[in-house]
Amino acid sequence: MTSARSFVALVVVAGMAAVVLFILHLGLGTVWIPPDRVIGALVDGLADPTDRTIVWDLRMPRAILGLLVGCMLGLSGALLQVVMRNRLAEPGLTGVSTGGILAAVLFLGGVWGLPQPGRLLPFVVLVGALAGGILVLLVSSKRGGIDPLRLILTAVIVNAILGSLTAIVMLRSNYALGNILSWLIGSLHGRVWDDVWLALPWAAVAIPAGLLAARAANVLQIDDESGRALGLPLQPARVALFGLAGVLAAGAVTVSGAIPFVGLMAPNAARAVAGADARRVLPLAAMIGCLLLLAADLVAQSFSIKPPIPSSAYRVGLPVGAVMAILGAPLLIFLIRRSTR
Amino acid sequence: MSTHPGEAATPGRTWFLVIVAGAILVALAALAIIHLSTVEPRVAPGQLPGILLGESGDRIERLVVRELGLPRLILALLSGAALGLSGAILQVVLRNPLASPGLLGVSAGASLAMAIILLLNAPVLFALHPVVALAGGLGGGLIVLVASRGARTPVEAALTGVAVAALLNGIILAVIGLAASSGAVRIFFLFTVGNLSGRTWDHVQLVWPWVLVGVPAAFILARGANVLQLDEDVTSSLGMPARRMRGVFVALAALLVGSIVAVAGPIAWVGLLTPHIARLIVIRPDARLLFPVATVIGALLLLASDVLAKVVIYPGEIPVGLCTTLLAAPMILVLLRRKNLGLNRS
Amino acid sequence: MPRRLALTLVAALALVMAAACGGEEASDEATDAAVATTAAAEATTTSAPPTTADHEDEDDDDHADHDHEDEDDDDHADHDHEDMDDDDHADHDHEDEDDDDHADHDHEDMDDDDHADHDHEDEDDDDHADHDHEDEDDDDHADHDHEDEPLAVEDATGELVMLEHPAVRVVCLTGLCVDTMFVLGVKPVAANDLLHRDPAYWGPDETEIGPVSGSFFEPSLEDIAVANPDIVIGLGGVHDGLRAGLESIAPLFIVNPIGVDGMLAHVEEIGILLGMEHEAEHAVEDFVHRLEEYVAGVTAKRSVMVVYGSDVNIGADTVCTPAVDALARAAVYPEEFSGCDVHQPFPSFSVEQLLGIDPDVIFVQTYGFGPTPPEPVSEQLVDHVIWRELVAVQNGEVHEVDFFIWGTSRGINGTNFVLDEAMPKIYPEVFPAPLP
C-alpha cells in the first residue's frame with residue numbers, strides 16, 4: 001500500500017505524462033509541421049490557415065477525444081471490475097461494447113428506418129450496451145457467485161453471437177462494410193469538434209459521477225456481509241455502478257467504436273501501482289486510460305507505412321483500435337495467468 | 001468420473017442408443033434431401049433420384065445437382081465430421097472441455113494467412129493457398145498452446161486462445177487497411193466467417209483423403225485417448241509415453257481441421273459444441289464411443305447450418321459460419337449453464 | 001469560441017479528477033464543478049446545430065431544380081434500357097443552353113489561372129458557333145452568374161453542398177471523381193489512388209496530383225488539408241462519415257451515381273460545382289451520342305455478364321454500375337442483375353447461378369492488390385466443372401479485363417473505355433474496332 005504522498009506523486013506524474021502526450025499529439029501527424037509553427041497555429045489566430053486547420057481543427061479535437069474516450073473506457077472498466085468482482089472485466093469483454101455496436105449498426109443500417117443518427121446515437125448505443133452487459137450477466141450468473149473466467153468465457157460466446165448478427169446486418173447493407181469494420185475495432189480518425197460536443201456531455205456527467213462512486217465501490221469490493229453491515233444498499237449500488245459503467249462505455253463507443261482492452265489495461269495498471277482502494281484506483285484508471293489511448297492514437301495518427309504494392313499508392317496507417325488490440329492482447333494473457341494463481 | 005471406460009452397457013442404454021442413432025439417421029437423410037433440392041435453380045425433392053441416377057431433368061438441373069449440390073452436401077458432411085471429431089479429440093486429450101479449433105487460435109491464424117494472400121496478393125501459387133491457410137492455422141494454434149502452457153483451468157487456456165485471436169485480428173485489420181477496395185474486403189470477410197458456397201468436387205478431393213485417413217485413425221487410437229483422460233500419474237505408471245501420445249492426437253486433430261479450414265474457411269463453434277452433445281448421448285467418458293458419435297453429430301450440425309445458410313434469406317445466402325455461430329453458440333451457453341460442460345472436474 | 005469552451009471543460013474535468021484524487025474533503029468542490037460542467041455542456045448542445053437547420057429552406061431555391069429532377073429513385077427503378085435517349089437528356093440540353101455564356105466566361109478565367117493545359121478550349125469555340133441562345137425563357141437561370149451568387153448542389157446523401165465560388169482545387173477520394181475531372185480537363189490537386197496515372201488517364205508521368213495517404217476508408221485529413229481544396233469528392237457508403245472531419249477544410253460532396261443516367265447527372269453536378277456546366281454538358285452529349293452510335297449498330301443483341309473476384313468467391317456487376325448499364329443497353333444483361341438496390345450493389349453470387357444464365361460473353365475482372373499480377377480468375381476456374389460447361393467458355397468468349405478501370409472508375413471516360421474494350425469483343429463483325 002503506497003502512502004498518500006506517493007499517490008499524489010503518481011497522479012502528478014501521470015498528469016504530466018498526459019500533458020506531454022497531448023502536446024506530441026498536437027505536434028505529430030501525417031503532415032510534418034515544425035514545432036514553432038504548431039505553437040504559432042495554437043496561439044495566433046492569424047497563422048498559416050492550413051497549419052491552423054491541421055492543428056486546431058484536426059489534431060486538437062482528436063487529442064481531446066483521446067483523453068475523454070480513454071478516461072471513459074478506463075473508468076468504465078474499473079467500475080465493471082468492481083461490480084463484477086472480476087479483474088478481467090471491461091466493456092469489450094462483458095458484452096457491453098458488442099451490444100452497443102449491434103444496436104448502433106441496426107440503427108445506422110436503417111433497420112428501424114430512422115434518419116441520420118446525430119445525438120440520438122449515444123442513447124441507442126447505451127441501450128444496446130446495457131442489454132449486452134445484462135445478457136452476459138444473466139447467462140453467466142449462478143447461485144454461489146460468478147466465476148470470473150467463466151463470466152468472460154460467456155461474454156466471448158455472447159460476443160460471437162452478437163457479432164454474427166452484426167455481420168448479417170453488415171452483409172445485407174454491404175456498401176458500408178469497410179466503415180463498419182473500422183467501427184468494430186475502433187478508430188478516432190476524422191473525429192472533430194462535433195464529436196467532442198457529442199461525447200463531452202456524457203463525459204462531463206459520467207466521469208465525475210464515476211469518480212464520486214469510489215466509496216460505494218470500496219464497499220462493494222468487500223464481501224456482502226460487511227457491506228451490509230456498513231449500511232449500503234448493495235443491490236441498488238451494484239445496479240447503479242453497472243449503469244454508470246454502461247453510460248461511460250456508451251459515450252466512448254459512440255464516438256470511437258469499440259476500442260478494445262483500454263478498460264482492461266488501465267484499471268489493472270492502476271491497481272498494480274496504487275493498491276485496492278477504489279478512491280485511488282478509479283481516478284488512476286481514468287488517467288491511465290487517457291495515457292494509453294493518447295499514446296495508441298499518437299501511433300495511429302502519425303505512424304504509417306508505404307506498403308510494397310503498386311495499386312495501394314500511398315502510405316497507410318492503422319486504426320487506433322488495432323494498435324490497442326496488438327498492445328492489449330499480451331496483457332490479457334498475462335492477467336488470465338495471474339488470475340488463477 | 002464415476003464410471004470407468006469400458007464398463008458394460010445396460011440393456012436400457014443400448015435401446016436408448018439405438019433410438020438416438022435412428023433419429024440421427026432420419027434427420028441426416030431429411031436434411032440431405034432438403035440440402036440437395038435447395039440448389040439454384042431449385043429442384044423438387046421428388047426429382048432428385050432421377051436426376052442423380054438416371055437421365056431425368058434437363059442439363060442444368062443435372063449439372064447443378066450432381067456437380068454443385070452433391071459435392072457441397074458431401075463437403076458439409078465431411079467438414080462437420082472432421083470438425084466434430086477434432087473437437088472431441090482435443091477435448092479428450094488436452095483434458096479441456098473448452099478445447100476446440102476456434103478457441104485454440106487455429107481459425108484466427110488461418111484467417112490472417114488468407115488475409116495476407118487475398119488482400120495483398122502475396123506471390124503464392126493459387127494451388128498452394130490451402131497449404132498456407134493450414135500453416136497459418138497451425139501457427140495460431142501453436143502460439144496459443146505455448147501461451148497457455150501451465151494454464152491451470154480449461155477456461156484459462158480457452159481465454160488465452162481468445163486473447164491470441166484478438167491479437168491476430170488486430171493484425172488482420174492492419175492488413176485490411178492496405179486493401180483499396182470494398183469488394184476485396186467483402187470477399188475476404190466471406191472467407192473469414194467460413195463459407196461453403198460454390199464448392200465443387202475439386203474441393204471435395206482436397207478434403208476427403210485427410211478425412212478418410214484421419215477419422216479411422218482416430219477411431220483406432222481411441223483406446224489410447226482413454227488412457228490420456230486419466231491423471232498424469234496414472235498414465236505414466238501405466239508405462240505409456242503420454243506426452244508423445246498427446247502430440248500424435250493433437251497433430252491428428254490439426255490435420256483434420258486444417259484441410260477443412262483451407263477449403264471452407266474457419267467455421268466456428270461446431271468443434272466446441274459437438275463433443276458436448278455427443279457426451280449427452282454417450283454419457284460414459286469412453287473415447288471409443290465418443291469419437292464416432294461426435295463425428296456423426298458434427299456432420300449433422302453442419303449440414304443443418306448449411307441448409308439454414310441456403311434458405312434463410314433466399315435468394316441471398318448467408319455464409320455458413322454465421323449460421324453455425326447463431327445455432328451453436330446459444331446451445332453452448334445453455335450447456336454452460338445447465339451441465340457446466342464438465343468444467344468442475346478439474 | 002466553442003473551442004475555448006472545450007478547453008475550459010477539459011480543464012474542469014481535470015480539476016474534478018484531481019479533486020476526487022485528493023480525498024473526501026474536496027468532494028464538495030468536485031460536485032460543484034461537475035454541476036457547472038454539466039450546465040455548460042448542455043448549453044453547447046442546444047446551441048450547436050445551426051448549420052444544418054438552414055439547409056431545408058435552400059432546397060426550394062432555383063439551384064436545386066436545376067437538373068436533378070430526373071435523378072429521383074423512381075426514374076432509376078423502372079428505367080427502360082432499350083430507349084436510351086429518353087426525354088431526360090433532351091430536357092437538360094434545353095434548360096442549360098442559356099447558361100453557356102456564363103459558363104464560358106468563368107471558364108476562361110479559370111484557364112488563365114490554373115489550367116493552362118486545358119484541352120477543351122477549341123471545342124468551346126466551336127460550340128459558341130453552334131448554339132443559338134434563343135430560348136432564354138426563364139429567369140431562374142440568372143443565378144448561374146457565379147461571380148456573385150453562391151453555388152448549391154445536393155449530393156448523393158441529400159446534403160446541400162454550397163460553394164462561394166466555382167471550385168478550382170478538387171481533392172478526389174474516389175476513382176469516379178478522377179474520371180470526371182479528366183473528362184472536364186481539370187487535374188485534381190490530390191487523390192487517394194493512382195487511377196490518374198493509368199494510361200487511360202493522364203498517364204504514368206503525371207506528378208502534379210498530390211497524394212492522400214491513409215487507407216481507402218480512412219484517408220488522411222491532414223494530407224487533404226495541405227492540398228488546400230475548394231471541395232472534396234468522396235464515395236457514398238464509404239466517405240459519408242468524413243463530412244464533419246472535413247468541415248474545417250472544404251465541403252464534402254458525396255457521389256454515388258446509379259447507372260448511366262446517374263453518371264451523366266453526376267458529371268453535370270460536378271460541372272456546376274466547377275463552374276463548367278458547358279464542358280460537362282458537352283461531355284454528356286458526346287457520351288450519349290457515342291453510346292447511341294454503339295447501340296444503333298447492334299442488330300441482334302447478345303447476352304453479356306461482368307463478374308469479378310477470385311476463385312469461388314466471385315461477384316457479379318449489376319446495372320447499378322454505369323459501365324454495365326451502358327453495356328446492358330447495347331446487349332442483353334441477365335435479369336437477375338438488372339435490379340438496382342442502392343444498398344446491395346454487389347449481390348451475393350455463386351458460380352452455379354452463372355449456369356442458369358449462361359451468357360454469350362463473359363468479362364472477368366480479377367482482383368489483385370499485390371506486387372505481382374494475380375492469376376486471372378478465368379484461369380483459376382479452368383477446371384471448374386460449371387465454368388467448363390458455360391457456352392462463353394466453350395466458345396472462347398471469356399475476356400479478362402482491366403479491373404482498375406472496370407472496377408473503380410464509374411465515370412464517362414471509364415465507361416467509354418469499357419465500351420471500346422467490350423463492344424468489339426461482343427460484336428466483332430459490327431465493330432471490328434472501337435468507335436473513334
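Two residues are in contact if their C-beta atoms, placed from the backbone, lie within 7 Å. By that definition, residues 24 or more positions apart account for 66% of the contacts in chain C with a separation of 6 or more. The model is predicted.

**Chain C overall**
- Chain C contains 19 helices and eleven strands.
- Of the 436 residues in chain C, 50% are buried.

**The sheet**
- An open sheet in chain C is built from five strands, with parallel pairing, in the order β5-β4-β3-β6-β7.
- The edges of the sheet are β5 (210-211) and β7 (252-255) of chain C; each has a single partner strand, so one side of each is left without a neighbour in the sheet.
- Within the sheet, β3 (residues 170-172) and β4 (residues 190-191) of chain C pair in the parallel sense over two bridges.
- Cys172(C) has Ala191(C) as its bridge partner in β4(C).

**The helix on the sheet**
- Helix α8 (residues 175-184) of chain C packs on this sheet and touches β3, β4, β6 (231-235) and β7 of chain C.
- The direction of α8(C) makes about 135 degrees with that of β3(C).
- Ten of the ten residues of α8(C) are buried, among them Leu176(C), Val178(C), Asp179(C) and Phe182(C).
- Gly185(C) follows α8(C) and has a positive phi, near 80 degrees.

Technical notes:
Residues are numbered from 1 along each chain as its sequence is written. Chains are lettered from A and ligands numbered from 1 in the order in which they are written. This is a predicted model: local features need pLDDT of at least 70, side-chain atom pairs count only at pLDDT 80 or more; totals for chains, interfaces and linings use all residues. Helices (H or I, at least four residues) and strands (E, at least two) are DSSP runs, numbered from the N terminus. A residue is buried if 20 or more other C-beta atoms lie within 10 Å of its own, exposed if 12 or fewer, and partly exposed in between; C-beta atoms are placed from the backbone. Two strands pair if DSSP finds at least two bridges between them. Axes are lines fitted to C-alpha atoms, for helices over the stretch in contact, and angles run from 0 to 180 degrees between N-to-C directions.
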